[in-house]
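Work through the exercises below with the sequence and the model in view. Try each task before reading its solution.

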Amino acid sequence: MENKSIIRLQDIWKVYQLGSVNVSALRGVNLEVDPGSFVTIMGPSGSGKSTLLNMIGCLDVPSKGKIFLDEEDTSTFSESKLAQVRGAKIGFIFQQFNLLHNLNALENVMLPMVFQGVLQEKRKSRAEHLLKLVGLEQRGSHLPAELSGGERQRVAIARAFANEPKLVIADEPTGNLDSHSGEKIMDMLSTFHKEEKGTLVVVTHDPMIAKYSEQVVNIKDGQIIKNHSQAGESLWQK
Amino acid sequence: MAEVREYFKIGIRNIRTRQLRSWLTILGIVVGVFLVVTLISLSSGLKNSIMKQLNALGGDIIMVMPGSLDNLMMTMAGGQKLSKEDIQAVKDIRNVDVALPTDQKSEFIRFNNIQKSVYLIGMPWDDGKDFLINFQGWDLREGTWPTPGKRELIAGSVVADKDFFGRGLSTGDTVVVNGKKFKVKGILNSVGSQQDDMAIYVDWPVYQETTGDRSGDAFAIMVKAKDGVLPDDLAVEIEDALNEIRKRRRGTDVSDFSVVTSEKMGSIAGGITGAIQVAVFLFAAISIFVGGLNIMNAMYTAVRERTREIGVMKAVGATNRAVINIFLIESGIIGLVGGTGGVIFGLIVAKLVEYYAKGDSAFGLEAYISPQLIIFGLLFSFLIGCIAGYLPSRRAAKLKPTEALRSYE
């Protein structure tokens, strides 16, 4: 398949040094994420799935191997270039929501656009639009502390989509939410995926979430043990 | 640069979320800048008032004093005098218009049953009166100039003030100086110098009689050049004449005297007050430096506390530069707010000191607040803030996003 992938991991190793012992979190992982796909990464805790997600999100640098973002080798990027590219092309949703606690919802959504140098007017209208999409148009002026967990995660989703990213990465997005809120979040993500044709990579150990996605990657002990598409639903498979 | 406004907003929010600590940090800078502003404005005021006194001395006047200028303090304290012979030699110089010897001694003066110590200054009234009126700008508030040779005096404005003896001196009053009765003949308007205002003036022979010092030696000679003669040229002539005397007296060919034009006097005084200002500035700078350390400490704490936040910002696209800028702006704001507070507080205190110093006769001091000082205070504190914030902000920028995100609040 000669499709241009959004992100391509090539023999990725990540070795942490814990005292005198070397611990390999990833051991020669190869993975391609194609445009418009919805990939779930599953695995028990300690399997290396968060490390893998950090690699996919260009948050971390591999000990060995190469990461191609839009077919560009990220190992050649400077730290600042990487941050710039990351801000422009990748959106993040975290289990801990990770909103800036002294910025209100609207300002949190605008933040990634600030770092891309988007003009104030445009920033604001885009952020308002995004908040409306997640149903929080009335809550823009509230600080994160004044929002419920589900609402915070919706703000985080709006923030992830601020710069119209090609790739959205979510690390246990429903992990800190009750099942009802969690479902709502997943609905929202899959709607974004379908309507904006965005690429979505979600890490979870919740098998319920996997049912939303088209491709499931199972990881264990730092290696991908299974990479399969869910029958009939895949968009990328012709 | 449009994002700088956003960074400001983030910075101000962050400062406000840890209010108490921010205020304490700001206070550290306030104290430093306050010291700079107060001390510098007061010492500039001191400098100005010294210069004013020098101007009151008269532009073209040459002062002849005993002792070397390099050792002015020793001369003042050491009681060296110019001899009668010296006085005559100066008077004999052709280009000298007037040469007025003066001598001074601290004496007790008694009036209204109160005894106080003031400077008794003696100078020949016959020459001195015109000299003082025409070249020094002295004038009498009331009364007349004393008759030469009589036990009559004129009093400086401070001595005559009702606060000095509990009752104002006026013409015709009798005061006792060193056990001898004197008639107050006239009272001077303020001559612009605190020391001169707090003195009493008598005729030269009367001075000698009162103090018991009949040597005829002078503490100083004030010389006025003839029209068309440059003070600097005459100063050289005077030096030559006095050196001549010392050569004739064997063994004392050392120049134990100084001839100073008012210009030179100004530069000496400028040097002294300049040194005071440098010292004052150094002390104040140290306290600002400590304030800077305080900011640095606070910013390191802030970086630690916000590690996770920094990770989030980096994840959503903040470059190292952006993170540095955010923290620099934050510490710069702390510095600037501290500086503003310090300037305001400093001006208030300087004005208060001035207000109370005015009431105190011996210590008339005006605070001189230059716009440069204010601008300097603000700019300097802002800079200190930025410098102090630089290392912490670099630490923030160097955080790896994954490690920052892994930290739990």
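The exercises go from a whole chain to single residues and then to the contact between two chains.

This is a predicted model: local features need pLDDT of at least 70, side-chain atom pairs count only at pLDDT 80 or more, and totals for chains, interfaces and linings use all residues. Residues are numbered from 1 along each chain as its sequence is written, chains are lettered from A and ligands numbered from 1 in the order in which they are written, and side-chain values use heavy atoms, with hydrogens and water left out.

**Exercise 1. Chain A as a whole**

Describe the secondary structure, the extent and the burial of chain A.

Solution. 
Step 1. Chain A has seven helices and ten strands; helices (H or I, at least four residues) and strands (E, at least two) are DSSP runs, numbered from the N terminus.
Step 2. The radius of gyration of chain A is 18 Å, close to the 18 Å of the globule rule for 238 residues, so chain A is as compact as a globular protein of that length. The radius is taken over C-alpha atoms, and the rule is 2.2 Å times the number of residues to the power 0.38.
Step 3. The C-alpha trace of chain A spans about 50 × 40 × 40 Å along its principal axes.
Step 4. Of its 238 residues, 55% count as buried. Buried means under 20% relative accessible area, exposed over 50%, and partly exposed in between (1.4 Å probe, protein chains only).
Step 5. Take the contacts in chain A between residues at least 6 apart in sequence: 69% of them join residues at least 24 apart. Contact means heavy atoms within 4.5 Å.

**Exercise 2. Two phi values**

Solution. 
Step 1. Most residues other than glycine have a negative phi.

**Exercise 3. A loop residue of chain A**

Which residues does A:Asp60 touch, not counting residues up to four places away in sequence?

Solution. 
Step 1. A:Asp60 is in the loop between H1 and E4 of chain A. Its relative accessible area is 9%, so A:Asp60 is buried.
Step 2. With residues up to four places away left out, A:Asp60 touches A:Lys14, A:Tyr16, A:Asn54, A:Met55, A:Ile67 and B:Thr402.
Step 3. The side chains of A:Asp60 and A:Lys14 are joined by a polar contact of 3.3 Å. A polar contact is a pair of N or O atoms within 3.5 Å; within protein, one must be able to donate a hydrogen and the other to accept it, and residues adjacent in sequence count only if both atoms are side-chain atoms.

**Exercise 4. The contact between the chains**

How many residues does each chain give to the contact, and how much area is buried?

Solution. 
Step 1. Chain B gives 29 residues and chain A gives 28 residues.
Step 2. The buried area is about 2,600 Å², and carbon and sulfur atoms give 58% of it. Buried area is the accessible area (1.4 Å probe) that two parts lose on being put together, summed over both.
Step 3. In chain B, B:Arg13, B:Val316 and B:Thr402 lose the most area to chain A, together 21% of what that side buries.
Step 4. There are four salt bridges between the chains; a salt bridge is a side-chain nitrogen of Lys or Arg within 4 Å of a carboxyl oxygen of Asp or Glu. The side chains of A:Glu107 and B:Lys9 form a salt bridge (3.5 Å, N to O).
Step 5. Eleven residue pairs, both at pLDDT 80 or more, are in polar contact between chain B and chain A.
Step 6. On the side of chain B that touches chain A, two or more residues come from each of helix H1 (3-17), helix H12 (307-315), helix H13 (320-359) and helix H15 (401-406) of chain B. H1(B) gives the most, with nine residues.
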